[in-house]
Each structure stands twice: as C-alpha cells, then as structure tokens.
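Biologist: Please take me through this structure, starting with its strands and then moving on to its helices.

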Amino acid sequence: MRLRPLSAEDAPRVRAHRTHARDGTLAPVLLWWVTALDGWLLLDGHDRAVAALAEGRTPPCVVLTRVPDEEDWRREARTRSWPLPGGVSAWEALAAAAMFQFPGD
C-alpha cells in the first residue's frame, strides 16, 4: 500500500532514478509492515520503487520495525567492531565504492 499515487514511468524524477536502478546505486525505499493491513506500507521512495520496477528490478528496501520493548532491546547482543586491515586508506576506498553518484553525498 502506498501513501501517495505513484508517478508515471516517464516522469522526470523517475527517469533520473532509473539510471541509478540500472547502476545498482538506487537508494532504498522505506517499508513498514502493518498487521492490520496484512501488508507492507510504502512510507518513502515511491519514485525509486517505480524506477526499479520499470527497470525490471526489485527495489532495495529498508524495513521500519519496532522492538517488543525497551528491556528486550537492551538485552540484545552488542555490535562489535574490529580494525579494518589497511586502515584509513582501505576505509576510504570502500566508502568511495559505496557512495552514490551525487557530489553532495
């Protein structure tokens, strides 16, 4: 279910997103599972979803979820980190490869 009408496949914003869908650099859409609807609610990324589907791809998704309660959430395993082999230069190379093709990112 969407929160607004979907744009046409040839709309300017969708055309811009289609390039990113082909390149694999499309930002994800934001989804939320609503049990009362027994389905997904598309919260953000309507034009990105149309662009991915127009290119024959499944849009990348991020799911908004709620943990059962604060106490349960605090008991979950901690996030661990380790040094990256190669240090700062390795990190910068990985970050550059993951960046979207927008100068402001």
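Biologist: How many bridges join strand 1 to strand 3?

Modeller: This is a predicted model, in which local features need pLDDT of at least 70, side-chain atom pairs count only at pLDDT 80 or more, and totals for chains, interfaces and linings use all residues. Residues are numbered from 1 along each chain as its sequence is written, and side-chain values use heavy atoms, with hydrogens and water left out. Strands here are DSSP runs (E, at least two residues), as are helices (H or I, at least four), both numbered from the N terminus, and two strands pair if DSSP finds at least two bridges between them. Strand 1 and strand 3 run parallel, and the number of bridges joining them is four.

Biologist: Which residue in strand 3 stands opposite leucine 31?

Modeller: Leucine 31 has a bridge partner in strand 2, leucine 42. In strand 3, leucine 31 stands opposite valine 63.

Biologist: Which residue in the turn of the hairpin has a positive phi?

Modeller: The hairpin is formed by strand 1 and strand 2, with four residues between them. A positive phi of about 50° belongs to aspartate 38.

Biologist: Which strands stand at the edges of the sheet?

Modeller: The sheet is open, has three strands with mixed pairing, and has the order 2-1-3. Each edge strand has a single partner strand, so one side of it is left without a neighbour in the sheet; the edges are strand 2 (39-44) and strand 3 (61-64).

Biologist: At what angle does helix 2 run to strand 2?

Modeller: Axes are lines fitted to C-alpha atoms, for helices over the stretch in contact, and angles run from 0 to 180 degrees between N-to-C directions. Helix 2 lies across strand 1 and strand 2, and its angle to strand 2 is about 115°.

Biologist: How are helix 1 and helix 2 set to each other, roughly parallel or oblique?

Modeller: The axes of helix 1 (residues 12-23) and helix 2 (residues 46-54) come within 8 Å and cross at roughly 55°. Angles under 35 degrees count as roughly parallel, over 145 as roughly antiparallel, 65 to 115 as roughly perpendicular and the rest as oblique. Helix 1 and helix 2 are therefore oblique.

Definitions and conventions
Contact = heavy atoms within 4.5 Å.
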